[in-house]
Amino acid sequence: MSNATLSRRPIRRFWGWGNDDAVLSAQEKSTLGMMLLALGTAYTDHPVPQLAEFVLPTPRLVPPAALANQFSASPLDRLNHAGGKSYADCARMWLRQAPPVPDWVAYPENELVIVDILDWAQTHNVAVIPYGGGSSVCGGVEAAVGTSYAGVVSLDMERLSRVLEVDPVSRAARIQAGALGPELESQLKPHGLTLRHFPQSFEFSTLGGWIATRAGGHYATQATHIDDFVESTRMVTPSGILQTRRLPASGAGPSPDRLVLGSEGTLGIVTEAWTRLQAPPRFRASAAVKFVDYLQAAQCVRVLAQSGLNPSNCRLLDAAETISSGVGDGSHAILVLGFESADHPLQPWMARALELVADYGGRFDADAVARSMDGANTDEHRSGAAGAWRQAFLRMPYWRDPAVGMGVIMDTFETAVTWDRFPDFYANVKADVAHTIERVTGQEAWISCRLTHVYPDGPAPYFTFVARPADGSVASALAAWRDIKLAANAAIIDHGGTSTHHHAVGRDHRNAYEREVDPLFRAMLAAAKHRVDPHGILNPGVLFDPLHRTVGITGALAPRPKSQFSV
């Protein structure tokens, strides 16, 4: 058995976010250090986990001989596919206590190999975990499948990463599901087109992963999810291939694409999709707006969302969030507002938006706004508070990793709720989660919130919490995190929100999902799973209880296997 990894991409950190050679800048260390001082600890470089510190179990099965050259059991491949990039995933690695690792990692060269792997897996009772970029933060790609399987294979889609066709007339492309964000954009650029779907994980997540998890992108209004860009899908299931028809829209019964979207690898392996494209933006306008009163700022955002102006960026940071993003001192809420277009200048849209902002007491730098609309200042939208927030947003996962090694919990949870409920929801969720943080850590809670996406009928609040147990140990932090996560799940459901707006259900949100979704619909979905995956081999434990392998979800929920909530 070779120890050589079969991955063709740059070496990824198995213990954290990004590539293995990623480092923090001096400025980032300084910013992180200030955050840590507020928690009563100083920034300290701890030795990062090393591959040699992990002893992995011997694979329990042998892959099919005809496909053996596309299977890897190298320690690096197995550790990299043991989980995603949630706080708990990283904390367990810092403890040198890996999550359950897959027996093998498969790197199929084409769709036919995927068919053969699923046939083999059904015959030999092998669980198969679809794997895109491994950026899941909700336990979506773990090998924690219970004890009733003969083995686990993580099926990595990295070799199916090409743009296969481009239709410039309809502005659409047929793209393989394993393409990372930068890979697909670089292949579309020569055609003068872009998908323009930029989740925070863009660099390390795939089209197939976006589809399977209904990923949210950077647009704050209108095309907020990958759903809005999907024209058709192709999915390999243990019972055959599902190919939907390529159409701009259809009223022909329930949409099959809607069943594929959000299926999280439980119904099949998404292998490719036709996606809607657009021309890159030529015109931009941006503003950073300060508000003294956060709830008044939220009312302003509601009016903007209902105005029909459809800003591309409309992210409201509460006062605490401005500190962690490095764009404020905690005395004001900040609205990061932006417009973009490939067709027309944006002065009228921004002017009207700023009239609404002024009506609600917002203050902004008019000269900076004017510069952002000046065609000569192409990078103005990357400067000032808006630019600082953007940079912090992209780099935040890198800041988190060293903090985990210092026993600090840095994590998030996100949801969506209607506008009429938002003021109470915001206060009550923060209070509930803060109470749990203080109970399990003995320390004062630090919770912030930003609105990442906004709709005419409600916002998507995204909460960040930072905490540190009194003894400062990673083990205590992980134990505290479990309680905090459960409290957050309960709070957002209790107060009227959804279990997830764009991070997916996975294993970590399943207890909230089961409260949110009508039991009859869950039974309908389970029946669909039983039809395409009769042996229950696909991603057991995600969306469905893995013990209900042949009959799907029933009224009573059996105990879940060890996952993110267990060391």
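**Strands, helices and a surface patch**

Mentor: Let us begin with β6 and strand β9 (residues 269-276), which pair in the antiparallel sense over five bridges. Please keep in mind that this is a predicted model.

Trainee: Which residue stands opposite A172 in β9?
Mentor: In β9, that position is taken by R276.

Trainee: How many bridges join β5 and β6?
Mentor: Strand β5 (residues 163-167) and β6 pair over four bridges, in the antiparallel sense. A172 of β6 also stands opposite D167.

Trainee: And what lies between the two strands of that hairpin?
Mentor: The hairpin of β5 and β6 has four residues between the strands, and R171 takes a positive phi near 55° there.

Trainee: Is β6 mostly covered or mostly open?
Mentor: Strand β6 (residues 172-176) is mostly covered, with four of its five residues buried.

Trainee: Let us change topic. What is the order of the open sheet of six strands?
Mentor: The order is β10-β12-β11-β14-β15-β13, and the pairing is antiparallel. At the edges are β10 (283-291) and β13 (409-414), each of which pairs on one side only. On average, neighbouring strands of this sheet are turned by 15° against each other, direction ignored.

Trainee: Which helix packs on that sheet, touching β10, β11, β12 and β14?
Mentor: That is helix α8 (residues 294-305). The strands it touches include β11 (313-317) and β12 (333-341), and the direction of α8 makes about 165° with that of β11.

Trainee: What does helix α10 lie across?
Mentor: Helix α10 (residues 347-359) lies across β10 and β12, and runs at about 160° to β12.

Trainee: How many bridges are there between β14 and β15?
Mentor: Strand β14 (residues 446-455) and strand β15 (residues 458-467) pair over nine bridges, in the antiparallel sense. As an example, R450 has Y462 in β15 as its bridge partner.

Trainee: Where is S312 found?
Mentor: S312 is in the loop between α8 and β11.

Trainee: Buried or exposed, and why? What is the relative accessibility of S312?
Mentor: S312 counts as buried because its relative accessibility is 10%, and the cut-off for buried is under 20%.

Trainee: What does S312 touch, leaving out residues up to four places away in sequence?
Mentor: S312 touches H218, Y219 and A220, and also G338, F339 and E340.

Trainee: You mentioned Y219. How far apart are P199 and Y219 in space?
Mentor: Their C-alpha atoms are 9.2 Å apart in space, while P199 and Y219 are 20 residues apart in sequence. P199 has its place in the loop between α5 (181-188) and α6 (207-213). With 6% relative accessibility, P199 counts as buried.

Trainee: With what is P199 in contact, if we leave aside its neighbours within four places in sequence?
Mentor: P199 is in contact with S205, W210, G216 and G217.

Trainee: On to another sheet. What is the order of the four strands that form an open sheet?
Mentor: The order is β1-β2-β4-β3, with mixed pairing. Its edge strands are β1 (71-72) and β3 (126-131), and each pairs on one side only. Helix α4 (residues 111-124) packs on this sheet and touches β1, β2 (104-106), β3 and β4. The direction of α4 makes about 150° with that of β3.

Trainee: Do tell me about β3 and β4: in which sense do they pair, parallel or antiparallel?
Mentor: β3 and strand β4 (residues 151-156) pair in the parallel sense, over six bridges. A127 has V152 in β4 as its bridge partner, and Y131 stands opposite D156 in β4.

Trainee: Which residues point one way from β3, and which the other way?
Mentor: V126, V128 and P130 point one way, whereas A127, I129 and Y131 point the other way, and all are buried. Accordingly, β3 is described as mostly covered, with six of its six residues buried.

Trainee: Finally, the surface. Which residues form a nonpolar patch there?
Mentor: L520, F521 and M524 form that patch, with about 330 Å² of accessible area together. M524 lies in helix α16 (residues 519-532).

Trainee: Why does M524 count as exposed?
Mentor: M524 counts as exposed because its relative accessibility is 52%, and the cut-off for exposed is over 50%.

Key:
Residues numbered from 1 in each chain as written. Predicted model: local features only at pLDDT ≥ 70, side-chain atom pairs only at ≥ 80, totals over all residues. Heavy atoms only, no water. Patch = residues over 30% accessible without salt bridge, like charges linked within 9 Å, V, L, I, M, F, W, Y side chains within 5 Å. Areas by Shrake-Rupley, 256 points an atom, 1.4 Å probe, with all protein chains shown as cover. Salt bridge = Lys/Arg side-chain N within 4 Å of Asp/Glu carboxyl O. Buried < 20%, exposed > 50% of the residue type's maximum accessible area, 1.4 Å probe, protein only. Pairing = 2+ DSSP bridges. Axes fitted to C-alpha atoms, helices over the stretch in contact; angles between N-to-C directions. Contact = heavy atoms within 4.5 Å.
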